[in-house]
Amino acid sequence: MKLRKQVTVCGGAIFCVAVFSLYLMLDRVQHDPARRQSGGNFPRSQISVLQNRIEQLEQLLEENHQIISHIKDSVMELTDTGAVSPSGHLPFRSANGSWVLPFDGRPTFLAVKPQDCQFAAGSRGQADVQMLDVYSLLKFDNPDGGVWKQGFDITYEPEEWDNEPLQVFVVPHSHNDPGWIKTFDKYFTDQTQHILNNMVVKLAEDPRRKFIWSEISFFSKWWETADIHKQEAMRKLILGGQLEIVTGGWVMTDEANVHYFAMIDQLIEGHQWLERNLGITPRSGWAVDPFGHSATMPYLLKRANLTSMLIQRVHYSIKKHFASTRSLEFMWRQSWDTGSSTDIFCHMMPFYSYDVPHTCGPDPKICCQFDFKRLPGGRINCPWKVPPKTVVEANVAERAHLLLDQYRKKSKLYRSKVLLVPLGDDFRYDKALEWDQQYTNYQKLFDYMNSHPEMHVQAQFGTLSEYFNAVYKAHGAAQGSRPADYPVLSGDFFAYADREDHYWTGYFTSRPFYKSLDRVIESHLRGAEILYSLAVANARHAGMEGRYPVSDYALLVDARRSVGLFQHHDAITGTAKENVVIDYGTKLLRSLIGLKRVIINAAHFLVMKNKEFYRFYQTDILSGLSSPLPPPSATPPPSCASDCFFLLSTRYLVLFNPVEQERLCAVTVLVNTVRVRVLTEDGQTLPVQLSAQWSTASQMSAEATFMVRLPPLGLAVFHLYDSPDSPMTLRSDTLLRVSGRDVTARATDPLPVRSQQSDPQTFYISSQSLTLGFSGTTGLLESIKRKDDPQEVKVQMQFMVYGTRPSKDKSGAYLFLPDGKAKVFSVVVSQMFSCLLEGFDSVSLVYCNKHTVESLQMTNKELAMRMVTDIQSGDVFYTDLNGFQMQPRRHYLKLPLQANFYPMPSQAYIQDSHHRLTLHTAQSLGVTSLESGQLEVIMDRRLMQDDNRGLGQGLKDNKKTANRFRLLLERRSTGNKQQDPHSPSPYTALILHRLVLDCGLEAQNLGFNCTTTQGQLNVSGLFKNLDLQLLQPMSLTLMHSSTPLANDSSISLDPMEISAFKLKLR
């Protein structure tokens, strides 16, 4: 210690002498007569002298910098023997040979109050219809139903409407996909802009005409190109009630693969655009094309203050069952809701499709005759060979009675005498002629019906909300409340089948590369939004609003819209044409580059101690790239850590914690040297482990791993530099098991690598928490044993492959139609990376599927990863819905194999009374459990043909994809624990979600510090060094506000609830 003090004092003295010498040199230069000005101009000789002096000064400065660096390195080397971790302990090897990295001595913890266990332990919410029970009840047979092939014959008595006439609302619509067969921009140019241009003209011709529109991505693009007169005409139509904006999201989002963060974000983007430009708030949801429906969507719509919603793509057997019980309209309630606070009124369309032949009634042959775009001479006709007829005085009576018969039959499936009849299809009304054909002929039919009281019908064009309002009025119910005797439903509507055994479960996995890319960009977007909000608030707090790059806000908006666009039900699903997928990928990649710049600028500003020195340099977001944009097939190398950075010439690493708890995590960086030292901001040396980073089975480079503790919503700076070894530098040993004698490893000196011939015996890897068993033959995982559990759990990993049917109907982008049970598939283990991090209880798995799907020239194959365990899970397993909630599933033998697959956006698990095994995934994939104790995930699909759902292509553009998983084995407890769009708003949105704790599991080391609070949160305490000036409760998409709260108020959330608040920080 004495030597260290002497060296420090000596070094400091030398530093002071060097600085003083610099001062004297500067003083001499400043007082040199050669520098004096004469009349404001230097003589040429004096300029030359001054230039020489400046060059000498620069040389002296460089020499002095080198001297100081040598002094610093000398001091560091002399004090190396005393280098210790923040906890004061040196690293050591445990009995099993692994390094134990001491940290700061503060263990992570999870302190749970007993009251916070009551929700998970309590009873589920009460509902009249539980979808899991419906699945158990139905036979899922498919008898011929007559004209309604998937239903039954509908009859009625003519006098049923004598006392209460039938109210019919015909709702014209045009479903516009923001990318599918064409790109988003191509669709807009070719069709969508013409639909909206015609709308302005044709709706204005008759105030009785109505229309609904959903996709704000298209609507905003049209608005930006429209002149002021068109904008005002459109605004007049909306405010006058002729045009209704339904749902109001950026897109009509997919509901299987998307994460709820992205669902909310695209909904906010659409709603905020509507509020800024039109001053309107959507009231009703419209989802006619997502391929199955999640229970998360009704919850988000309810929290956004929508009162009603409509869905369409539901399994035909479920539609038939609901129609037979007149339950097609219901209150959709969340499974955890013991009251009715999450209820939203939902209308399910009863027939095959949302096109005109399947919306007026049960007989498509008749309904097609009332799609007047199909009049003879047009480009499309009716497949049933009976064309529509123009309505004239001579045939209006016959036409009106024929149509009314279909209306009456359809109305028999519902509990009210109010009927909804959509009138539209994909990209309809793009020609002025169709507007005239549809509206003119239908108006003649309506006029005839309404002028004949004996028909007991009142028919008109209407909007979606007008229909719902009429239903509420007919039952004497308030808007959004439950009409008397209407059922309450809980659950979701996966998996979807439109006919026979054609289950739409393939798209849960189709194009996994882009599903993975979506999550990467979502995480960057969330981090960028948090950092940008904090940076802007800190700039205001410091009085530096004009100095911070407000222009970065445009990059955030662009990224939100690109991510929002990709949530479209033909984008993230992997069901678009190849060129359209590339277009999505290009937009996402450019947004990712912009988000990185937002993050860099915000982090730069926030870490500066003295922000007066902050300077922002506006540069093009692509100018920093030394090469063109990488192709969409490029993926980062496999890594075991949650955060991976490349260490090139940079010497400082800034880490951001985007969660609201203090977080302890292992950080891994790729390094170009094995002489690495890591210091904290206050100069403390951190233990760092140098390990092999494998690019192939025989080629390796180096990576450095160290433990960090990050503050909530905070940044930390670490100094990484090339330095001689210290007691805090650890080098891992690598044992390479090779199956061939000619395989050798290229080691990075001085990382030791030993090779040995593999044998069939199971080999084990242990840490302080877990022992993992691996197959000596395949190298794949075979067992997991927790340190605190005497029982070893079999977790055997297998790879399987499915083929497709040899018959006419084959698997494609949408459908999964296997040729039978999966067959075992031998894999090259070099492409499987398993990692066990000390101090954590999970196993990280990274699997690259390039060499098993494309390089081996597989055709019409689907690759699956199967976990076979001895957990007695029976036929029950659990999957998440949108990363928001867990949904119980059951494997049914009465259903075909493909019907038992479900979306897995973030996790799935199986359990028995002793253990729970959870598979966490970094990308959305399809999952099932076909046998007790099994979990199976479809990893990738390569299919050579279309599946006849309109795409016209197979899936042949497979890309190298690192599918990332984390496997968590938990022991179940035996106890009973349970403005201006181009500038940022002065306000910040805070969205809170209270998670539910299952206290029936023992938590060991979570990697972050957290204490439950029974849903109580003091918001002002989250933001250090900032003043909270406003705390106002809002609806989810920030369009409805409540009375502001006191700035020091505590917020209270019930379990599973999401709440939004408007903040003003300075």
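This is a predicted model: local features need pLDDT of at least 70, side-chain atom pairs count only at pLDDT 80 or more; totals for chains, interfaces and linings use all residues.
1. Let's start with the disulfides. Taking a disulfide as a pair of cysteine sulfur atoms within 2.5 Å, the count here comes to 2. Residues are numbered from 1 along each chain as its sequence is written, and side-chain values use heavy atoms, with hydrogens and water left out.

2. Cys368 and Cys382 each lie in the loop between helix 11 (364–367) and helix 12 (396–411), so the pair ties together parts that are 14 residues apart in sequence. The numbering of these elements follows DSSP runs from the N terminus: helices are H or I with at least four residues, and strands are E with at least two. Cys368 is buried at a relative accessible area of 0%, and Cys382 counts as buried at 6%.

3. Two further cysteines deserve a look. Cys346 has 0% relative accessibility and therefore counts as buried. Cys665 is buried as well, its relative accessible area being 6%.

4. Next come the salt bridges, each a side-chain nitrogen of Lys or Arg within 4 Å of a carboxyl oxygen of Asp or Glu. By this rule there are 46 salt bridges. In one of them, Lys221 meets Asp185 at 3.4 Å, N to O. Lys221 belongs to helix 6 (residues 216–225) and Asp185 to helix 5 (residues 184–204), so the pair ties together parts that are 36 residues apart in sequence. Lys221 is partly exposed at 26% relative accessibility, and Asp185 is partly exposed at 30%.

5. Asp722 and Arg675 form a salt bridge whose closest N and O atoms are 2.8 Å apart. Asp722 sits in strand 24 (residues 715–722) and Arg675 in the loop between strand 19 (662–671) and strand 20 (676–679), so parts that are 47 residues apart in sequence are tied together. Asp722 counts as partly exposed at 43% relative accessibility, as does Arg675 at 39%.

6. Where do salt bridges that share partners form a network? They join Asp371, Lys373, Arg374, Arg428, Asp430, Lys431 and Glu434 into one network. Glu434 and Arg428 meet in a salt bridge at 3.0 Å, N to O, and both Glu434 and Arg428 are buried.

7. Finally, there is an open sheet of 3 strands in the order 44-49-47, with antiparallel pairing; two strands pair if DSSP finds at least two bridges between them. Strand 44 (988–993) and strand 47 (1028–1034) are the edge strands, each pairing on one side only. Strand 47 is joined to strand 49 (residues 1058–1065) by 6 bridges, and these two strands run antiparallel. Leu1028 has Leu1065 in strand 49 as its bridge partner.

Methods: Buried means under 20% relative accessible area, exposed over 50%, partly exposed in between (1.4 Å probe, protein chains only).
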